Amino acid sequence: MKESATSTQRKEKTQGAKLDKNMGEAKEIWSAPITPRTGNSLLGTPMVASPPVSCPPSQLHSPSLTRSPLLQSENGDVIHPKSKTPKTPRTPRMSLTPRFITPLGSPMRKALRLTKLDPQDAWLPITESRNGNKYYAAFHTLCSGIGIQALVLPVAFTILGWTWGIISLTIAFIWQLYTLWLLVHLHESVENGVRYSRYLQLCFASFGERLGKLLALFPIMYLSAGTCTTLIIIGGSTARTFYQVVCGHSCTAKPMTTVEWYLVFTCAAVVLSQLPNLNSIAGISLIGAVTAVGYCTSIWIASVAQGALPGVNYNPVKTGNSVENAFSVLNALGIIAFAFRGHNLILEIQATMPSSEKHPSHVPMWKGVKASYTLIAACIFPLAIGGYWAYGQLIPANGGMLTALYAFHSQDVSRFVLGLTSFFVVVNGLCSFQIYGMPVFDDMESVYTTRMKKPCPWWLRSFFRVLFGFICFLIGVAIPFLSSLAGLIGGVALPVTLAYPCFMWLKVKKPKKYSLMWYLNWFLGTFGICLSVILITASIYVIVDTGVNVSFFDPK
């Protein structure tokens, strides 16, 4: 018995040594505690150790293993769990997508793993801050969606008349609201998990980089830089009018020239443009939205309160030639299309909002858009209908409602109302300059960050914005009649607003062929492109036929 017991112990030691040697060579890791062994069990039978479970050495520092209550401590003691039933170790998070930028909902988690992140987004003014909300979205959308271009809507009614004027305005409003809905839902792509933070990025993804630049680069840059130039022209001229209204006839100070008023407006706009990013100008956009609603409302209320002018006529203006009449109608449609702007900024505004799996950004963005366009509709429809009722065919083609208010009611309306209206126009111009200039600021800084691989320093950022402001000032001085080209500008900008979103929806979302969305977007997109070409041709014909008061380097 002693010899058998001794031989048994020797065999156990030999097996244990072999087992330790194999574990050292294979670097195996035990995932269960070693069962303590005594010499014999109660029945006299030796205890058999449980077989080891191996795992790759790379998992040595895996969170699921190091947190396991079944592992041994460093000194070889068994770590017993506090509870009777050990908890299942938590599965490590394998996705490399940061939690704070996961933009899409749970059905899109697979796409999120492939999300391509651009590190430069944190350096550029549009995407530098992503703490926006539905209120910020409403402020930005309202400030960019309504402006001085709405004051020329009654001019279009002089060509179209009551019936077709209202029908055209209603159709254009519904159409552009639909394309806004498309853009808001195109911001986050289900297929590749990318947030398109800029209109041009979505164009490149939809049409390719070469075709996207050809189709959208000029209209978008024209809408940004051209709008800022127009704001300098109108804002500087209105600032001079404000000074004249406040100062009155008793003022003995020598008035400044128009160019000097342009310069004053430009300097104020450049100072405000030093705010770093799009979210930081939310308060400025709120002021711009309030002043836009204020002057639109005050102008049409003051005009309607004074009643229709004596001898007013509401018959559409017609000439002897049918071709000229057709081109005049198309030019009027271009003026209506020009009244709706801001689509080139929708994706940029939505890019300032946070987005997560449970809370995608398109939900608060669409709430902000609905609130802002409710106010826009409450402004432009009374402005167009009330202005045409008050002035009819007598409304000035250059300046629209604002010029008509000073021309016909400067003696009837109080100086306070006239001065407040002019002040609102100037302030709104300063605020709108910031949001329309932001895509240009973003593009200028992206050139630096792409080449230097680092953020743009503050002094260079300030220089870029000062440079852009004074380039717009020089263009405004050189081409002061730019604001009178409303029909041509509307034709150029129309595809960005009404056509391109439809084609981008077809390319990105790929609706079922021959479905309602497929037919609708193909029709609206094709019709929008054809209408844009016709409007540009008609506007050029009207400009050549009727003439424009061209005065290069001679603003008046």
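Biologist: Is His409 buried or exposed in this model?

Modeller: His409 is buried, at a relative accessible area of 3%; buried means under 20%, exposed over 50%, and partly exposed in between, with a 1.4 Å probe and protein chains only. This is a predicted model, in which local features need pLDDT of at least 70 and side-chain atom pairs count only at pLDDT 80 or more, while totals for chains, interfaces and linings use all residues. Residues are numbered from 1 along each chain as its sequence is written, and side-chain values use heavy atoms, without hydrogens or water.

Biologist: In which helix is His409 found, and what does His409 contact?

Modeller: His409 belongs to helix H13, residues 401-409. Helices (H or I, at least four residues) and strands (E, at least two) are DSSP runs, numbered from the N terminus. Beyond neighbours within four places in sequence, His409 contacts Ser303, Gln306, Leu309, Tyr391 and Ala404, where a contact is a pair of heavy atoms within 4.5 Å.

Biologist: Which other residues of H13 are buried, and what do they pack against?

Modeller: Along with His409, the buried residues of H13 are Met401, Leu402, Ala404, Leu405 and Tyr406. The buried residues of H13 pack against H5, H7, helix H9 (282-305), helix H12 (362-391) and H14.

Biologist: Turning to Pro125, where does that lie?

Modeller: Pro125 is in the loop between helix H3 (109-112) and helix H4 (134-145). Pro125 counts as buried because its relative accessibility is 0%. Contacts of Pro125 beyond four places in sequence include Leu278, Asp442, Glu445 and Arg461.

Biologist: Some of those are charged. How many salt bridges are there?

Modeller: The count comes to seven, a salt bridge being a side-chain nitrogen of Lys or Arg within 4 Å of a carboxyl oxygen of Asp or Glu. One of them joins Arg198 and Asp442, at 2.7 Å from N to O. That pair links distant parts of the chain, 244 residues apart: Arg198 is in the loop between H5 and helix H6 (199-207), and Asp442 is in helix H14. Both Arg198 and Asp442 are buried.

Biologist: What about Arg461?

Modeller: Arg461 forms a salt bridge with Glu445, with the closest N and O atoms 3.0 Å apart. Because Arg461 lies in helix H15 and Glu445 in helix H14, the pair ties together parts that are 16 residues apart in sequence. Arg461 and Glu445 are both buried.

Biologist: Which residues form a network?

Modeller: Salt bridges with shared partners join Asp121, Arg130, Arg198 and Asp442 into one network. Within it, the side chains of Asp121 and Arg130 meet at 3.8 Å, N to O. Asp121 is buried at 16% relative accessible area, whereas Arg130 is partly exposed at 25%.

Biologist: On to aromatics: how many pairs are found?

Modeller: The whole structure has 25 aromatic pairs. Rings of Phe, Tyr and Trp (its six-membered ring) pair if their centres lie within 6.5 Å; planes under 30 degrees apart count as stacked, over 60 as edge-to-face and the rest as tilted. Trp175 and Phe527 are stacked, because their centres are 5.8 Å apart and their planes are at 25°. With Trp175 in helix H5 (residues 153-186) and Phe527 in helix H17 (residues 516-546), the pair ties together parts that are 352 residues apart in sequence. Trp175 is buried at 9%, and Phe527 is partly exposed at 41%.

Biologist: Which ring pair is tilted?

Modeller: One is Phe433 with Phe468, at 6.0 Å centre to centre and 45° between the planes. This pair ties together helix H14 (residues 415-452), which holds Phe433, and helix H15, which holds Phe468.

Biologist: Lastly, what is the mean pLDDT, and where does it stay under 50?

Modeller: The mean pLDDT of the chain is 79, and 74% of its residues reach 70 or more; pLDDT is the predictor's confidence in each residue, from 0 to 100. It stays under 50 over residues 21-85, and is also below 50 over residues 91-116. Where pLDDT is low, the predicted coordinates should not be read in detail.
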